[in-house]
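Trainee: I've got the model open and a few things I'd like to talk through. Can we go over it together?

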Amino acid sequence: MGTQSFDHSKAYALKLDQQDELASFKNEFHVKEDSIYLIGNSLGLLSKRAEGALTDLLESWKELGIDGWTEGDTPWFYLSEQLGGMLAPLVGAKAEEVIATGSTTVNLHQLVSTFYHPEGKKTKILADELTFPSDIFALQSQLKLKGYDPDEHLVQVKSRDGRIVDEQDIIDSMSEEIALIMLPSVMYRSGQVLDMERLTEEAHNRGITIGFDLCHSIGALPHSLSEWGADFAFWCNYKYVNAGPGSVAGIYVNEKHLGKAPGLAGWFSSDKSKQFDMDHQLTPADTAGAYQIGTPHMLSLAPLKGSLEIFAEAGIERIRKKSLQLTQYMMDLVEHDLKDYGFNIGNPIEDHRRGGHVYLEHPEAARICKALKMNKVIPDFRNPNGIRLTPTALYNSFEDVWNAIQILKKIMDDEQYKQFENKRGVVA
Ligand SMILES: *Cc1c(COP(=O)(O)O)cnc(C)c1O
């Protein structure tokens, strides 16, 4: 779709929709017909199957009471492991390397507690300066718990342009003082995909443990964590995975580490056959299940089951292919139709370095987002000047993208954004 011969007619959008193998999945979701939802990278929409899985869970509670743990179609006691197996294809891992548990930030605490062993000269943690704040706060508190000053022991690789972090700069920071590396798979603002395979190899060449935060890649692009040999990873399931606000998250631990005692233990870390022995000596599970802590949050776990059934049918490769087409189409429209309005495309444009969203920069971004929302196009504002637009493969169409860009053009032509203050809301 080069810009030279680019067809920017609505008819072309409709033609792309006709050729879309995943088009029918839109019917699986509760999509509001009068709005264009482009924020699936922040909170995915509810699918009918996720809804059904939640009502099934409530039904089993209603009918079985405590026996729901072991009886019924989906015994609760094994659901986290079962969903780990269903998540495994999304991260390119074996079933026993993955568990559905916790939340992103708690899982990061769990994994750093398990894998950060400062020793001798190797005492520092390496991250980057564009990472999501919660991850940085978790790393800082883990350092403090070990008695280290985060100002000195948390090394954050600098970005040269405020958007991307160069892999070579990360590699150059892998000094002999680094004990652990924690990086995002995809940058939450610019959508840059980091080369996880290369970074893993370089870290391991230097004897450094490395893990990834997959919040902005899980459900959007494929991973091969086992093949790359990444030590650990964690993610939330409420963004592209559509499992609902605050839904239970995920952990991957490479099989070479399975059997390693969890840094933060609880009775759900147990080998399942021993858990009810009620011993005071923990026998950890020999799977990623060992990195669970307490009783799973069943009501926040159930929707994930319905959601993952959809991913199994759609396939992550096809999802990635359509997502790349959608974002390329959006970028082409921006370049063609919004050329003279002061927008800058801030995400990497190459396929292999671009995540699931388009990141438009504009000095008036905050109030352009408000005007988009008034026009029922749902974007995502990110401080200081970013508009994230996420056409999601499972429920957005090429027509959605076309309509959204025409609405944005009209907002700019009519200067509709000027009726709003250029300031973010409390939640943005
Ligand atoms: C969404 C997101 C989080 C959120 O963490 P929670 O514990 O689920 O609130 C953390 N890190 C990154 C990179 C994110 O994108």
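Trainee: Which residues in α10 meet which residues in α11?

Mentor: Before that, this is a predicted model, where local features need pLDDT of at least 70, side-chain atom pairs count only at pLDDT 80 or more, and totals for chains, interfaces and linings use all residues. Residues are numbered from 1 along each chain as its sequence is written, and side-chain values use heavy atoms, with hydrogens and water left out. Helices are DSSP runs of H or I with at least four residues, strands are runs of E with at least two, and both are numbered from the N terminus. Taking contact as heavy atoms within 4.5 Å, F311, E313 and A314 in α10 meet I316, R318 and I319 in α11.

Trainee: How are α10 and α11 oriented to each other?

Mentor: Axes are lines fitted to C-alpha atoms, for helices over the stretch in contact, and angles run from 0 to 180 degrees between N-to-C directions. Helix α10 (residues 298-314) and helix α11 (residues 316-337) have axes 6 Å apart, at an angle of about 80 degrees. Angles of 65 to 115 degrees count as roughly perpendicular, under 35 as roughly parallel, over 145 as roughly antiparallel and the rest as oblique, so α10 and α11 are roughly perpendicular.

Trainee: And how are α1 and α13 oriented to each other?

Mentor: Look at α1 (residues 10-18) and α13 (residues 398-413): their axes come within 7 Å. K10, A13, L14, L16 and D17 in α1 meet F398, E399, W402 and N403 in α13. The axes cross at roughly 155 degrees, so this pair is roughly antiparallel.

Trainee: Over to the ligand: how much of the area it exposes when taken alone does the protein bury?

Mentor: Start with the polar contacts (pairs of N or O atoms within 3.5 Å). Ligand oxygen atoms lie 2.6 Å from a polar side-chain atom of T105, 3.2 Å from an N or O atom in the H216 side chain and 2.5 Å from one in the K239 side chain. Going by Shrake-Rupley accessible areas with a 1.4 Å probe, the ligand taken alone exposes 390 Å², and the protein buries 84% of that.

Trainee: Which residues does the cis peptide bond join?

Mentor: Go to the loop between β12 (380-382) and β13 (386-389), where you'll find P384. Omega is about -5 degrees there, and the cis bond joins N383 and P384.

Trainee: Where is N242, with its positive phi?

Mentor: N242 is a residue other than glycine, yet its phi is near 65 degrees. You'll find N242 in the loop between β7 (232-235) and β8 (250-253).

How values were computed:
A polar contact is a pair of N or O atoms within 3.5 Å; within protein, one must be able to donate a hydrogen and the other to accept it, and residues adjacent in sequence count only if both atoms are side-chain atoms.
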